Structure formats: structure tokens, C-alpha cells
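Here is a short briefing on how the chains of one model touch each other. Take a look at the structure before reading on.

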Amino acid sequence: MSDKEIAQKLKAQISQDPELSKLRLKISCDDDIVLLEGEAEKWEQVVALGHLAAGMSGVRGVVNKVWPKFLLRPKKRRKFKGKASWDGMEVDVVVVGAGIVGAAIARELSRFNVKVAVVEKESDVAWGQSKANPGWVHAFAGVDVDPGLLKAKLCVRGNAMYDKLAQELDFPFKRIGLLAIVTEEELLPLLDFVEALAKQHGVPVEIIRDREEIFRREPRVTEKALAALFFPTYGSTSPYLVTIALMENAVANGVKLLLDTEVIDVMVECSKIKGVVTDRGKIFTKFLVNAAGLYADDIAEMAGAREFTIHPRKGEMLIFDSKYSSLYSHNLAPATLKTDPYTKGGGIAIAVDGNSIWGPNAEEVSYKEDIGTTSEAMEIIWEKFSIFVPNIPKEAMITAFAGLRAATYTEDFHIAPSQKVKELINVAGIQSPGTAAAPAISEMVLEILRKEGLRLEENPDFNPTRKAPPSFHSLPNKQREKLIAEDPEYGHVVCRCEHVTEGEVVEAIRRGATTLDGIKFRTRAGMGRCQGGFCTPHIIKILAKKLKIPVECVTKRGSDSELLPYKIKTLLLRGDSID
Amino acid sequence: MTKRNVDIAVIGGGAAGLAAAIKAKEKGIENIVILERNEELGGILPQCIHTGFGLRYFKENFTGPEYISRFIKKAQDLQIESKLDTMVLEITSDKKITAVNSVDGLLTLQAKAIVLAMGCRERTRGALGIAGTRPAGILTAGTAQRLMDIEGYMPGAKVVILGSGDIGLIMARRFVMEGAKVEAVVEILPYASGLSRNVVQCLEDFNIPLLLEHTVTSIHGADRVEAVTVAKVNVDWKPIQETERTIECDTLILSVGLIPENELSQIADIALDSATGGPIINDYMETSVQGIFGCGNVVHVYDLVDQVTQAGELAGESAARYVLNELPTLRKKIVLKAGDNVKSVVPQIISGEEPVTLHLRVKKPMRNVKVKIGNLSIPKRVVRPPEMVVISFTGKAIEKLEKKDELRVSIEGETGP
Amino acid sequence: MKKKEVRAITCIICPVGCKARVTIENGKILKIEDVECSRGEEYVGRELEAPVRDFFTTVRIKGASTPVLPVRSTQPIPKDKILNCVLELVNVVVDAPVEAGDVIFKKPLGLGVDIVATRDMNRVKEK
């Protein structure tokens, strides 16, 4: 369809909707990108309009500027940096975003003699979506997903690459398999059909109709199980550890990682990328890879080349005590007819660190920083999944957390050079199955860069191997002794619940952690039952000592999150509080 | 790897562990070692800089540091060995202990007897499932106390405290005295869960509002706490949405329960009481594993350190007798079951042959009560959940107790505070 | 003019926490009811006329392993002087070593008490 036809057909569809037809909207289409402008009454309508537009045949992307009338547009958090300047740096490729996708792309690029800078606004890698998901390495994108979609193809391809990647980069990965449990009788006659749909994605799947077999493989699963579908290639990993590993390897191979650096503008001249303006100076580059997650649409907008809009979709998750996870050996999910087109529905993931993560749910939100958990979602997730694992009590819950999916309205990955500015490579809309797809995404982006003219000359010194830091807890006694003999700091346990030693905390700082959360994600200190009650004072002191900063400046996750802002007596000396 | 044989290993060098080690040494056991994870002995006492300790044991009104220093000095005078900055990783039911520190590296101790004195940890925000964001500024009261009164740093200037247990009340006063503003103490019950003396001295004295039948429903703030939402709750503890209001603050302190720290007990397959979270013990403070004893907050949470010291002494004495082969095997094992209005009773197993002191926790406040244990009935004027009920049986009194395999412990009386 | 009122005061002497009922007329205590023991009666009486409290806090210390030293008053001080006493001590910085019982501040606010250390703190070398 032509642009005009697309716009007309969309207007017609909207006019047939009783709610949406009442809204004052401006609808246009240019180069197969739909542009929606105007006012809505509530956020659900904004999302509905975006999906309607994306559903039109021939549409490449949807730019949705419709906004609810009385909803405040939140100011983006600007953090004070006051650090060294990068002004004048010159590279071949700037990658915006150090999530799993940005890190994977940077590592791929480091195989070649290419000058790369990864620019990340947070104080550490993986702090967007990459840390806020349960770590499923999906075997495929889902039975209700068209296998022709980009995310479907990249998922299957990426999943297959994980064994080699985990070996090279020394991150935890287990092909744990997924048992999708059928409890609804109505689904039983449809199992062959579901199997066929899965096979279309090219994934191995097995129907288990023998209930005894289900209980043999998973003895403690619910008695209500009538049948199951087994997907053996499902994996479980720790996406933030994957990101850290990818980035460490990239940096070891010459990539520059610029943390606490936010892109505030993109310099374009004659439809060519000149560079980026960050809050720490200008960086000149030939190519710009936009892997900015939730903010990918803003980056594209800065380049005058917006072809999509990200609408955040929150997912909440619950973490359960590891002592119960050992009761189960596969990831579990409900096999159900009640599907939601925009989420696979979540499940129970046995995380590689031993805890189990339930969820996520899905809720459209308007604010890109809305990662608060809600008691409603906690209840919903508990109700939905507890029936499958009757041995896990509610008291076993350690904590809850939430993340946002960076979804485009087409609900598929958008990986392509922008039409207006060819050297801007958009790698946007990477929601689930992003973790699984990441290695395949990075391959695809390299090919795009090559096609767009980036010279890829092999780097003879490229070393694909990266070793993870030692983890005292998981070592056998003999190796623990050796470790302590080399460095006595490995004999001082500072995290009681996870048995993390001072040596590991110091090593994490050496490898780039500068915050309490950075230590937490690298070492697991603070992730156990006491949730940092014992270790926090120790870790704050170690960070202050090693980073040579006052204790008052140690943060949870970067500027404005200082943990102990006042030295004792400072408040009294200030004199304004005691009356 | 250092391997050693010891007579008694005491895990935890706080009030309970010190009392046990001292008593065992006094009873003639030479080869004792205290394994302590902190950089000094004393457990939680060095950070409890307020008074109220030792009223019974010493007939004095000491601060925490003053109380415990007497035991630390005694242990030093008796030359009891202690290893600091030492974390016990594992214990087995045949009393093998694996521990680690920077000086000795990995340590394996084969003990003849073990005294568990690991104390307890605090319930967390995560375990409560409080909704909202996860910014800096959320701490449990004990951790805040350590940071303020040992490390010398304040976590914030404008505080809301969830939970009116003693630790929360004590910290409310500390915050005010260090120049912070305490906006409110929020308590889900219709009465404060700490001792009334603390409500007076920590809240009323400083005009700190106590919001009873309220809870925190949500935390706000991206990087740092900016506010909390509180709401009144109904009889089922469910927040009433219409009563929600926001309190601006930069710190949320949680004082919502103590949990005996029994990871090690579980690894050693020691039987635990689900009502207390601690090991099931008998008159001698012995657990289900012969030669492993438990005392102090690791068994159940006490109100007064004086009681913890007494428990430690009993455990230390029993451990010593065990090592000297002088601990009698109990002929009878009467299992005490918690009945009406009784949440927990310790010890859970008694012989009925020896004088014994029972510690009960009640579920609801009552007055003019009768504490019924089997055929015996003991009157008490008032019982309240925050205050442990202590019932001592002399040798003569225990003779009158009916000797069944199981006895119910229950409380009858008039409900009401 | 006679002004009679009944005030409720919680006794803090022991864990029972009797809720005393005190009848006052013209500022004088007429009777104290619902108190179990004489110590409690004594406390309640004094609480109305001249309430006192134990005083304890921390002061800064240099040269020890941690930067604060816990201290207390040798005797209880008037309740309404607590915050003033805190401010009186705010500029104190002690030098390690210190022993429990050492006087850190004499007669703050002219009160008849001293502020003493409640623990030993050794001198340690700067790391």
C-alpha cells in the first residue's frame, strides 16, 4: 500500500472504534512510517492506537506522539556528573547503551581493527533491562508468534550460540529445559497443533501425555498436571553476568567503555553522522549504533531519524529462596489457551544462582522510569504460579523487582540502518526474547555495518576468552585454600548469606564496579536472605577505601543515591533540626 | 588447611556465646574456642549504647557496652581463645566445623560439643513485599544502629520507621538525638509491639507520632527515598485505600521482626521449631543432636540480655558436663505443645525431673490469666506479646507435673490490653 | 479555684508497665492509683514533678578503630535537658586511647553529673 492508502485505511479503522473515534488525532504516513499526533484521554488509548497502526499491512514502524491530555510528561532524570571530559574523542563506531545488546555488539566489533566507544548513562553496565529480567534464554519466541518475525528468527539462532559463548566468556548458563504444564482439559486435543506451531520455529519439542512421565521428570510439580510440553533447548542464565562478561572481553580487546555518560544530542551533517554530544563532551564518529533500550526512540529523534516509538511495558517478578529451587529441575510455565499477544506469560525460572524467579506479568506504563513494584502484581504473580509448585510457601519470597520492556508498536525487533541517516543503525525494540537473541543480533548488526561501509579488518590480537572472577562460595575447599594463600582477603567473608569474601568485592571494584549495586550484581553480596543487612556496612567501607572517596560519597547506583550522606554530628552541627 | 580438635566450639561471641564459654571454662573445660564473625566480641551489645541492661543480672543499670565488657574481660582473664573476623561456613551432626578467616585460612575443627549462639537477623523489606521503588535509604533498624553508633554515619535526615518493636523505638530516639527528624513510627497492630517503657522514653518524650493500625504500602523515589505512602489497615491487616497519605522522608527504617539465624543448624540437620524458627531444645539446652547445644536469640528472641546470659550459662554448663560425660541422659521426654494463646514455648522438651524455667510468647494480650501446663496452673496478672512470660519451676514444683508424653501449654484469661 | 484532673502515666521502671492514674488538684498530687509497687509510685510521683531520664549518646573520637565513642551521664538528668545536653557535647572530639569510666565532659549545662565513656577504645595506627 502507498503511504496515502495506509493513512486512509488507519483513519477508517480508528473511526470504527467507539472510544478512539472521539479523539482529536492527526494521522500521516511517510516512507511506510506512520506518524500519530494528537491527544488521548488515557494511556491505554495511546497504546491501542500504536498497535492499530502497526497492524496495517506494509508499515515499517510507528512514531506515536499522541499523549494523554492531563498526563504530565515526566522530566528525564539528569544526574550531575562532574567527571572527566571525553571532548574531542574520535572513533569509528559509537554504541549507545551498555546492555546485553550493546555489549554483544561491542564484543563483535572488537574482533576487528575498529575504534569503538560504548556510551552508557548509568554508572555500570546492564542497568536497564538487562538486569531486570528473569534470565530465560528462550528456545523460541512463542507459539503465538509468527516464525517469520525478526525476533523469532534471531531467538532461535541466538539460543544455539549460547553454549560456545558461555564457554568463551565463563558466565553461568544451563540448558535447563522448559516444561509447559497443561492443566486445562480444553487444551488436550490441541497439543498436536501447538507442537506443530512450535516446530515451525525450528525448535525441538516433545509432548508428554503420560502423567507418570511428567512426575518422573519433575516429581514435585502440581498434581493438576494433565500433560506437558517439553522444550529441551530452553536455557537459564544471568543476563547481567552475560553483559558484564561481554563487556569485559570487549574492553580487553580494545573497546572503550564510557560510563556515567549520557548522549544529549546527535550531530548530523548532510544526512551523515558526525558524532554525538554527551554531557561530558563531543565524540566524533562515523557510525552510530543505537542500542539505547528504552531511550532508543529519543536517540533516533536526536538524529532527526525517528522511525519508531518505544512504549514501555512493565514486568514485575518475585524472587524465591534458593533452598526451594532445588526441589525443581526445569523451568516451568503454564501451557494455556488464555494468551496475551504481548507477553509470553512468564513462568518459574530456576535462576543459575539458585534462587527462583517468578513472572513477569505485563502492564503498559507511560513513564520510562516506572520500575516500582505493586502489591497487586505481586498477588497476581503469586496466584498464577504458586499452583504449579505446591512445595514453595509464600514466606519463601525474598524480594520483588520490576523492569520495563522497550517495546515498539510493531512488537518486533527493529534492526536496520535508518532510512534518513544511513550510518545510524537502530537496534531497537529488543524486548523478550532479547537475551536469547543477543548473540545473533550482534552478528546481524556487524553485517549491516559492513554493508554500510564500515571497514572490517581482522584484529589479530583478538582474544575471545574471558575468565570470570573467582567465587569463593562455589569453590571446593582445596581451591579456597589456594585462593586465600595467594590473597588473604579471600579469607574474610563479608556477606554471610552468600559467603562472599572481601577478595571478591575488591576484584569486582578492580573490574569496574563503583557502586553498591555494582558489587551486588558481580558478587551476589546483598542478594541473600538478609538482603544486605550484614554486608552493607562492610561493602561501603571497602568501596570508600578502594575508590579513595569519603564514605558519604559511596552510592547505591550512581549520583543521587548516596547511602550514608551524613557523617555523625553533621546534622546536629547544621543546627536546623533539633528544636 | 588447619585441622584442630577442641572440646567445645562456641559459634558466636555475643552475650550468649560469652556466657556459655565462661561457664564451660569455670567448669574445668580447657580447650574452648569462640568463633566470631565480627571484628570484636560482644555481638549486638557494643552498638546498643542505651541503658537498661543488667538490671537483673548485675542489679545495675548499664549500657550495652558496659554490660558486655564485663563478660569480654572475664573471658580474657580466663584466657578463653576466640577467633575474630571468622565465618563458620558449615557444621555437621558429628560436630565437625568448617570456618574461614584471613589469618588461618580454612579451619576445620572437630569439637566434642558445640554451642550455637549465632543470634538472629532482621526481617527485610523484600520479605514483607512492600511495593514501590528500590532506592537508597531503606535499612533495617539494626543495620542503621551499627552504621550510626559504630561506623559513625547517618543514613538520612528525615526518617519514617515501620514497626514499633524495641529496636525501632530505640532507633527513633537515636535519630532525634543525632539531629534527624522522625516523621512517624508506623505499627500495624492496635498497640505498640515494644516495651511500654520504650514507647514513653523514645516516642512520647520526643513527640514522635505513633500511627497504630497503619502500614507502609509503597516506597517512592528513584535513586534515594523521597516519600512513603502509609494507610490504615482493617482487621485483616489489609490497607484501606481511602486512608492513604504520603509522608515525605529520605529514609525508611524497618523494625519488623527478628528471625533466629539458623542456616548452620539446618545444614547440621538439627530439628527446628517452626513457631520460633530456632532449634528444639530440652532442659539442658541440648538440641536434637547430642552434644550440640543452643542458647540466646538463635533459639528464640529474648526481651532482656540478662535472660540471654542465663541461657548461655546453662548451655555452657551443659556442654561442659557433656564433655565430662556427666550430662545425664533424660529418662523422660515430655514434649510441650503450644495451646491457646501460646505462640511458642522454650524449652520445647522437658524431663519433668529437673527444675526448669519456661519462656513463653503469647499471641494476644490478656489479663487475669492462668497459665496451664498439663495439670498445673500458674496465675499471672497480665500477659502481652512483647513481653516474654517466664515461669520457673523448682524441683518440688516440677514433681507435681503430670508425666505424659505430651503436654499442652495454654493461657486462659480475659482478652484485652 | 479548684482544678482537679486525672492523668495517665505509664511507669517505666519494670517490664509490667503499670498504667498509673494520678489525681492532681491545683498542681498537687492527691493520689496515685493502679501502681503495683513502691518503686513505681516513686517514679510516677517524680515523673510529674521533675521527670528525669538516663542520658547516653556518642561523641567523636580520633585515633581509634571506629570514629564514635559511646558515652553516658553518671546520673539521670532532667528530661527537658536531654536535647540541650546533646548540643553541649556536639563539638567534643576525644583522643584515643580511652577507658570505660573516663570522664569526657564535666558537669554539662551545670548539671550535677559527668559524661563518661562506656567502653574502652584502644589507639590504632592509621591504615
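Predicted model: local features only at pLDDT ≥ 70, side-chain atom pairs only at ≥ 80, totals over all residues.

Residues are numbered from 1 along each chain as its sequence is written, chains are lettered from A and ligands numbered from 1 in the order written, and side-chain values use heavy atoms, without hydrogens and water.

**Chain A with chain B**
- Chain A gives 53 residues to the contact and chain B gives 51 (contact: heavy atoms within 4.5 Å).
- The two bury about 4,400 Å², 58% of it on carbon and sulfur atoms (buried area: accessible area, 1.4 Å probe, lost on being put together, summed over both parts).
- A:Arg496, A:Arg529 and A:Ile568 lose the most area on the chain A side, together 14% of what that side buries.
- Five salt bridges are counted here (a side-chain nitrogen of Lys or Arg within 4 Å of a carboxyl oxygen of Asp or Glu).
- One of them joins A:Lys541 to B:Glu151, with the closest N and O atoms 3.0 Å apart.

**Chain C with chain A**
- Here 10 residues of chain C meet six residues of chain A.
- About 720 Å² is buried, 76% of it on carbon and sulfur atoms.
- C:Arg60, C:Leu83 and C:Val90 lose the most area in chain C, together 51% of what that side buries.
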